[in-house]
Amino acid sequence: MVSAGFAGAYALRFHSDVFPAPPGPHHPAEYARMAALSLPLFLWLLRYRGLYEARRGLSRWDEARVLIEVSVLGTLGLAAATFFIRGPEVSRFMLSSFGALCALGLGALRATMRGSLGMS
């Protein structure tokens, strides 16, 4: 879902008529590196927050709050990485879209899993 969120945010920013891309070059290789960096970062954050452990007592609202928290922290981590690693400018709109799409995608996946396991 993290990769799908990244791909969706990239497509929304650079290949959509809804939010046309700004003039000037954008560097797909830089975004590919960020996508590769986002996977271990989100894996660690999700594991750190306990979302890979079986916890039947966690309500869906608590789980949604943790997923939003992980998405915000992961997006801020990527933004910080782009600040400290000098390179071409990265779209802030794309990063914020990534955070939102990631939270929605992870939430939808977790809700589907809860439903298939018969959890409320």
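**View 1. Surroundings of Ser 91 in the predicted model.** Leaving aside neighbours within four places in sequence, Ser 91 contacts Arg 13, Phe 14 and Tyr 31 (contact: heavy atoms within 4.5 Å). Ser 91 lies in the loop between α3 and α4 (helices are DSSP runs of H or I, at least four residues, numbered from the N terminus). With a relative accessible area of 13%, Ser 91 is buried (under 20% relative accessible area, with a 1.4 Å probe and protein chains only; exposed is over 50%, partly exposed in between). The side chain of Ser 91 reaches the backbone nitrogen of Phe 93 at 3.4 Å.

**View 2. The buried face of helix α1.** Buried residues of α1 are Val 2, Gly 5, Phe 6, Ala 9, Tyr 10, Arg 13 and Phe 14. Seen down the axis of α1, these buried residues fall within an arc of 135°, so they line one face of the helix (the arc is that of the directions from the helix axis to the C-beta atoms). Their cover includes α2 (28–48), α3 (60–84) and α4 (92–116).

**View 3. The crossing of α2 and α4.** The axes of these two helices come within 13 Å and cross at roughly 35° (axes are lines fitted to C-alpha atoms over the stretch in contact; angles run from 0 to 180 degrees between N-to-C directions). Tyr 31, Met 34, Ser 38 and Phe 42 of α2 make the contact with Met 94, Leu 95, Phe 98 and Cys 102 of α4.

**Notes to all views.** Residues are numbered from 1 along each chain as its sequence is written, and side-chain values use heavy atoms, without hydrogens and water. The model is predicted: local features need pLDDT of at least 70, side-chain atom pairs count only at pLDDT 80 or more, and totals for chains, interfaces and linings use all residues.

Notes: A polar contact is a pair of N or O atoms within 3.5 Å; within protein, one must be able to donate a hydrogen and the other to accept it, and residues adjacent in sequence count only if both atoms are side-chain atoms.
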